[in-house]
Amino acid sequence: MSTPIRASDRDLRALAAIVSQDRPDLPEGEGLPPSLLADLMGQIRCDALGLDSWDSGRQMCWFSQEIPARDAGGTDYEPWDRVFWEHYWGCQHCSYAVRTGDQRSVISATDFYSARQWHSTAMYTDRDRLLGLEHYLMVCLPRALPRTAGPGRYVRLTLCRGPGPGFSERDRAVLTLLGPHLDQAYLDAGRRRHPVPRLTARQTDLLRLLAAGRTNAQIARRLGISEGTVRTHLENIYDRLGVSSRTAAVTRAFPDRVA
């Protein structure tokens, strides 16, 4: 049995620097700081990198962050996207996360195909070959997915290379180590973009009881107030947090508890 390849001490120091930096370049929308993604590309050489949120049921990508940016070369990607979804389920690494439910493993196209097999697939012949794409290394960010997301949705980081050497086991080891930190960085970026509004001490106490599964009557008895006052507090909390339900309020106020 072969010994798994591990990241070197030099790799570990570089990875620690990537995940420990306080990065000011937050994207306007969803995603990770571009400088973090650029540093990742410096550790795992690739020609392109994409952080995408997929909805396989609706056959759409509801968020995308790419280096280089899609419009950098002036290519119209809409026809290529149609081809992608046409062959999505037949492409083993493309649909792996949905088919298996595994959003933790780092996967490569070579986990499923030999070079000859990959070159004979419809995804390669109809799309990737024409776009100059040959090799892939992928990992999902499971905590980046909204709790309200339906089945078939996932957030995935994909590193791509063109013809030439594929990704190594060292590359896989580096991404395996970095994956959970990227997941956390995604959450941290979202919280910095949308900080939780400040609640009063009483509102926080009430929400903690709510998060523990207490009913309005139980909360009223615990806090020594009436059920009507509990309802009033909840209405004020909903308004302050910009939500409309008990679950959403707890999720907004205590993201670490429900992530």
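## Cysteines

A disulfide is here a pair of cysteine sulfur atoms within 2.5 Å. By this rule, the count in the structure is zero disulfides. Cys160 is in no disulfide, and the nearest cysteine sulfur, which belongs to Cys46, is 7.4 Å away. Cys160 has a relative accessibility of 11% and therefore counts as buried, where buried means under 20% relative accessible area, exposed over 50%, and partly exposed in between, with a 1.4 Å probe and protein chains only. Cys91 is also classed as buried, because its relative accessibility is 2%.

## Basis of the model

The structure is a predicted model, in which local features need pLDDT of at least 70 and side-chain atom pairs count only at pLDDT 80 or more, while totals for chains, interfaces and linings use all residues. Residues are numbered from 1 along each chain as its sequence is written, and side-chain values use heavy atoms, with hydrogens and water left out.

## The second largest pocket

The second largest pocket has a volume of about 760 Å³. A pocket is an open set of points, on a 1 Å grid over the protein atoms alone, where a 1.4 Å probe fits, with protein on both sides within 12 Å along at least five of seven lines; lining residues have an atom within 4 Å of a point. Grid points are joined across faces, edges and corners, and the volume is the space filled by probe spheres set on them.

The lining comprises 37 residues, and Glu66, Arg70, Arg127, Leu133 and Cys160 lie nearest the centre of the pocket. Two or more lining residues come from each of strands E1 (48-55), E2 (60-67), E4 (135-140) and E5 (153-161) and helices H3 (78-87) and H6 (122-131). These elements are DSSP runs numbered from the N terminus, with helices (H or I) of at least four residues and strands (E) of at least two. E2 gives the most to this lining, with six residues.

Gln59 lies in the loop between E1 and E2. Gln59 is not a glycine, yet its phi is positive, at about 55°. With a relative accessibility of 41%, Gln59 counts as partly exposed.

Pro68 is located in the loop between E2 and H3. A cis peptide bond, with omega of about -5°, joins Ile67 and Pro68.

## Packing of helix H3

The buried residues in H3 include Trp80, Val83, Phe84, Trp85 and His87. The buried residues of H3 pack against E1, E2 and H6, with contact meaning heavy atoms within 4.5 Å.
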